[in-house]
Amino acid sequence: MRFHWGWIEPVMPVPYVPTLGPARWGDPLHELLEAVVDSAGNGRFLPHDKDRRWAETKTERVLVDAIEHDQAQTFVPTLAERGRGVVKVHVYGAAPDSLSAGADLARKLAPAHGAAKARIVWFLGADQPDAYAQGTRVQLKDLTAGPGDAPGVPIQEYKELPEDAGFQAFATAMAEDGFAFLYGQMQAGTVGPVLTVLHDGLVAGAIGPMETMNDARGYVRLLPQYFGVLPQHRGRGYGRALWRAAMHWGHQHGAAYQLLQTEVGGTSDRLCRAEGLASLGFVNQADV
């Protein structure tokens with residue numbers, strides 16, 4: 001399968017590649033699209049795939065034979081084989097029936113591949129109102145000009161914490177935010193540092209793991225982190241301090257940028273907007 005870039009570029013309002021996620025404008029998006037198709041089904045991660053730090057094999061693949069690609073629109077279906085399975089049809093197109101046609105394709109493919117869910121993914125440019133978004137905002141932090149303001153409160157790495165700081169209790173309380181999983185990875189020694197903030201000697205918030213990876217152009221990218229503050233300690237500036245500490249860590253370790261997806265209108269979204277990150281657009285998802 002080969003894509004005509006002149007067809008897909010006009011209907012790609014967000015630099016987003018199925019199975020890889022968001023990229024930057026100026027990245028070799030055409031080559032990345034070709035690469036995820038060429039590697040479909042072999043179980044191997046591309047060298048710049050951020051998810052390779054979490055598993056030994058790739059569990060989401062493009063359904064190559066089901067791609068639909070013409071001058072009006074492009075549908076790129078994928079199968080995520082985690083759990084009971086999800087078929088996602090990535091819709092690049094602005095025709096009046098693009099979403100309904102993508103939904104029809106997803107509903108057709110899900111049972112054919114034994115997937116419990118069918119979903120469509122579609123995109124809106126950064127100039128669209130937030131009210132139109134039903135998912136996440138892709139945000140870019142450029143670190144080439146510096147990391148920005150200092151944290152403002154003391155931040156420590158996990159390994160520096162006293163034994164009675166209660167990180168495990170924090171991770172349990174924040175399990176829905178991914179920290180129980182992260183704590184297991186930390187105990188196994190498979191991830192980078194985690195930054196923490198204390199309140200009365202106990203962990204009140206954390207961000208991590210702090211890790212970098214080269215992207216497709218060879219630039220160093222600060223990878224996304226798990227990030228959260230206990231509900232009873234929110235509103236004290238701890239989240240902002242952790243975020244700023246993470247940006248300083250990234251800058252010190254040679255990162256040129258970070259890409260994030262934040263839930264539109266959520267706490268992290270508002271924080272990143274207040275910290276001056278650039279919006280690259282919206283990624284919407286809906287089960288069909």
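Good morning. I begin with a sheet: four strands form an open sheet in the order β9-β10-β11-β14, and the pairing is antiparallel. Strands β9 (156-157) and β14 (226-229) stand at the edges with a single partner strand each, so one side of each is left without a neighbour in the sheet. Two strands are taken as paired if DSSP finds at least two bridges between them. Helices (H or I, at least four residues) and strands (E, at least two) are DSSP runs, numbered from the N terminus.

A word on the basis of this talk. The model is predicted, so local features need pLDDT of at least 70 and side-chain atom pairs count only at pLDDT 80 or more, while totals for chains, interfaces and linings use all residues. Residues are numbered from 1 along each chain as its sequence is written, and side-chain values use heavy atoms, with hydrogens and water left out.

Within the sheet, β10 (residues 195-199) and β11 (residues 202-208) pair in the antiparallel sense over 5 bridges. As an example, T196 has A206 in β11 as its bridge partner. In general, strands of a sheet pair through backbone hydrogen bonds, either parallel or antiparallel.

I turn to the helix that lies on this sheet. Helix α5 (residues 179-188) lies across β11 and β14, and runs at about 120° to β14. Such axes are lines fitted to C-alpha atoms, for helices over the stretch in contact, and the angles run from 0 to 180 degrees between N-to-C directions. Which residues of α5 are buried? They are F179, L182, Y183, Q185 and M186. Seen down the axis of α5, these buried residues fall within an arc of 160°, so they line one face of the helix. The arc is that of the directions from the helix axis to the C-beta atoms. Buried here means under 20% relative accessible area, exposed means over 50%, and partly exposed lies in between (1.4 Å probe, protein chains only). An α-helix has 3.6 residues a turn, so residues three or four places apart point the same way. The cover over the buried residues of α5 includes α4 (167-173), β11 and β14, where contact means heavy atoms within 4.5 Å. After α5 comes G189, whose phi is positive, near 70°.

Next, a residue of another helix. Y238 is found in helix α6 and is buried, at 12% relative accessibility. Beyond its neighbours within four places in sequence, Y238 is in contact with V197, L198, H199, A204, V229 and H233. Y238 and H199 are 39 residues apart in sequence, and their C-alpha atoms are 9.4 Å apart in space. Their side chains make a polar contact of 2.7 Å. A polar contact is a pair of N or O atoms within 3.5 Å; within protein, one must be able to donate a hydrogen and the other to accept it, and residues adjacent in sequence count only if both atoms are side-chain atoms.

Q258 is found in strand β15 (residues 257-263) and is buried, at 0% relative accessibility. A polar contact of 3.2 Å joins its side chain to that of Q225. Not counting residues up to four places away in sequence, Q258 touches several residues, among them Q139, L140, W243 and M247.

I close with the salt bridges. How many are there? The count comes to 16, a salt bridge being a side-chain nitrogen of Lys or Arg within 4 Å of a carboxyl oxygen of Asp or Glu.

One of them joins E34 and R2, with the closest N and O atoms 3.1 Å apart. This pair links distant parts of the chain, with E34 in helix α2 (residues 29-38) and R2 in the segment before α1 (5-8), 32 residues apart. E34 is buried, at 12% relative accessible area, whereas R2 is exposed, at 52%.

Another joins R240 and E275, at 2.5 Å from N to O. R240 lies in helix α6 (residues 238-252) and E275 in the loop between α7 (267-274) and β16 (278-287), 35 residues apart. R240 is partly exposed, at 33% relative accessibility, and E275 is buried, at 19%. Salt bridges that share partners join D149, R240, R244 and E275 into one network. Thank you.
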